[in-house]
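Dear colleague,

I am handing over the structure below, and my notes on what was found in it follow directly after.

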Amino acid sequence: MSHTYVHALYDDDDRLKDGAKKVRSLGFSIKEVFSPFPVHGIDKIMGLNRTRISICCFIYGCTGFSLAFWMISYMSVYDWPIDIGGKPNFTPYHNLPSWIPILFESTVLCSAHGMAITFLLRSWLIPGVTPKNPDPRTTDDHFLMVMPAYTDADINTITSAAKATGAVEIKTVHA
Amino acid sequence: MQHESVIRDPLLLGKKTYHQITEDVARPVEGKANKYWWLMLALAVVAWSWGIGCMAYTVGRGIGTWGINRTIDWGWDITNFVWWIGIGHAGTLISAVLCLFRQRWRLTINRSAEAMTIFAVMCAAIFPVLHMGRPWLAYFVFPLPNQFGSLWVNFNSPLLWDVFAISTYFSVSVVFWYLGLIPDFAMIRDRAKMAGRKISYEIYRILSFGWSGRAKDWQRFEEVSLVLAGICTPLVFSVHSIVSSDFATGVVRGWHSTVYPPYFVAGAIFSGMAMVLTLVIVGRKVLGLEEYITIQHIDTMNKVMLTMGSVVGVAYFAEFFFAWYSGNPDESFIYLSWNNAIGPYAWAFWALIICNNLLPQILWSKRIRRNLYITFIMSIVINIGMWFERFDIIVTDLYRDYIPSDWTYYSPSWVEVGIFVGTIGMFFTFFLCFARVFPFIAQAELKTTLKATGDLFHNPRKIKAKTGNTDGAPVQPQTAH
């Protein structure tokens with residue numbers, strides 16, 4: 001089944017937000033917004049859920065901490081305790097203070113890289129991927145709002161709402 | 001939209017629009033390099049080549065080619081290591097700590113400061129690897145059983161903490177920097193597409209990872225940037241604290257000091273900010289970005305430098321006072337003591353005090369903070385002073401050992417000097433290439449603050465006077481094509 005989308009191009013972020021609010025208030029949904037920089041508040045107008053990537057970061061951090069603790073305990077206490085200056089590694093408890101720097105660094109290492117990889121994969125940002133923004137001006141100074149329309153009446157209503165809020169170009173695209 | 005107080009000066013001069021920012025940031029990347037850039041690059045490559053030769057000579061003949069001896073076994077090598085690591089700190093301070101504090105002035109300098117961090121850490125890493133004497137065994141610093149038998153690395157050693165701290169710091173800094181670059185690469189890519197430059201388009205298409213600026217991507221991007229800033233903030237403080245532990249946990253008097261971690265961090269930010277100033281004062285002029293990196297930015301960075309210099313000054317005073325007040329004869333030979341002030345290394349002692357404490361006092365004057373020539377000279381003076389701080393800590397704490405028969409003097413050999421000059425050449429080679437290939441300013445982030453701090457939108461009273469817009473509200477942008 002083919003879909004019809006109305007592409008409304010704006011040249012200002014505040015006008016884009018006005019347009020998005022207007023379209024939403026008329027009961028239409030917004031499929032996508034392409035912008036050259038983060039437009040604060042547009043995600044709420046579009047009805048996007050809050051990202052949970054910081055929760056992932058916390059989980060990766062816990063994993064990094066646990067792995068580092070296991071690694072140091074295994075190497076320093078269980079496998080081969082090194083006795084340097086009469087200070088042997090008998091228990092993790094006695095050595096914990098001097099392990100804190102490496103535990104911290106491993107936590108940061110895993111949380112930062114884990115979160116970055118998750119972000120790149122979830123947004124499918126991979127070297128060589130062809131960009132999906134329909135208009136190259138959306139990485140410069142234009143803002144594109146994509147709205148699905150099911151009937152000619154929908155197209156007319158959305159188009160007039162976009163025009164009224166200052167869209168500089170409006171196109172109907174069949175996909 | 002966020003508004004800035006009207007009593008503040010705008011951070012973006014010259015009536016910029018979104019498109020104008022794009023044009024100004026893309027210009028150095030799309031244009032051709034001038035002869036000064038090529039001249040600078042040639043000098044940097046020559047210096048780097050000399051350094052590579054000296055490194056190869058060191059690896060081939062051993063570190064006996066250096067001037068170090070049994071008493072002073074950490075000479076220029078570890079001095080340069082700590083100096084480079086310290087320089088890196090201002091980049092993360094600007095990109096992470098100032099991000100958490102919502103300092104908008106960081107937006108035009110964070111990209112170049114982060115690049116500086118990465119290149120500085122790369123230069124720093126060369127030194128301990130060479131100091132090992134057998135760099136082909138450098139992988140032994142990672143948690144592997146020695147000789148692949150049973151004995152593991154020592155997790156109680158600050159030298160091992162350093163391995164983890166610096167490798168984490170480097171890799172996380174690279175990730176933070178590159179994620180910020182992705183939308184800017186996409187901007188260059190789309191401009192290449194519109195202009196029909198196929199090779200440029202393909203290169204930046206790969207570099208931009210297919211970024212298209214979807215709302216959900218921006219939402220995640222902002223969250224990732226904020227959380228990374230939160231993670232990098234303790235990271236940056238931990239790294240130099242750990243580097244200082246290399247000294248502070250030792251039994252050498254002068255090194256065995258609890259003030260070292262905060263003192264090293266303040267010193268690192270002090271020297272790093274000086275290096276940022278050196279780079280951006282030249283960069284803004286060469287790349288024509290004076291309206292982005294304004295005198296206001298230079299003034300603010302000078303204030304940070306003055307604050308950090310004062311913290312370092314208090315630490316010097318504390319070290320000097322307690323060395324004297326303790327009445328311990330060993331302590332009276334530390335790097336900040338009367339004996340050092342009049343001893344054979346008095347020149348190094350006074351170089352430190354003059355460059356780091358006395359001369360920076362001129363920055364209390366607003367007129368001087370806003371003078372580019374004096375600021376540029378001061379930034380170099382401070383970098384020299386901070387190099388001497390590390391030299392004094394290492395060499396002048398070691399040269400008067402506990403046993404007077406060990407007392408000696410140290411001068412670097414031409415090989416050590418060559419390696420240091422080589423790392424400076426490597427740093428500038430990378431930085432010059434960065435300034436030509438990568439967007440020098442984080443334009444996507446900067447555009448978010450255009451309406452808050454741009455000259456065109458910033459001060460409603462000025463706008464009212466100029467345009468007759470009676471409601472006093474910021475005017476809508478005028479797109480200029």
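In chain B of this predicted model, helix 5 (residues 158-195) and helix 6 (residues 198-207) pack at an angle of about 155 degrees with their axes 8 Å apart, where axes are lines fitted to C-alpha atoms, for helices over the stretch in contact, and angles run from 0 to 180 degrees between N-to-C directions. That angle makes helix 5 of chain B roughly antiparallel to helix 6 of chain B, a term that applies to angles over 145 degrees. Helices are DSSP runs of H or I with at least four residues, and strands are runs of E with at least two, numbered from the N terminus.

The contact between these helices (C-beta atoms, placed from the backbone, within 7 Å) brings B:F185, B:I188, B:R189, B:A192 and B:K193 of helix 5 to B:S200, B:Y201, B:Y204, B:R205 and B:L207 of helix 6.

Turning to chain A, strand 3 (residues 143-149) runs antiparallel to strand 1 (residues 4-10), to which 7 bridges join it, and also antiparallel to strand 2 (residues 32-34), with 3 bridges; strands pair if DSSP finds at least two bridges between them. A:V146 in strand 3 is the bridge partner of A:H7, and A:E32 also stands opposite A:V146.

Between the chains, 56 residues of chain B are in contact with 59 residues of chain A, and helix 7 (215-248) of chain B gives the largest share of the chain B side, 16 residues.

Residues are numbered from 1 along each chain as its sequence is written, while chains are lettered from A and ligands numbered from 1 in the order in which they are written. Local features need pLDDT of at least 70 and side-chain atom pairs count only at pLDDT 80 or more, whereas totals for chains, interfaces and linings use all residues.

Best regards

Methods. Angles under 35 degrees count as roughly parallel, over 145 as roughly antiparallel, 65 to 115 as roughly perpendicular and the rest as oblique. Two residues are in contact if their C-beta atoms, placed from the backbone, lie within 7 Å.
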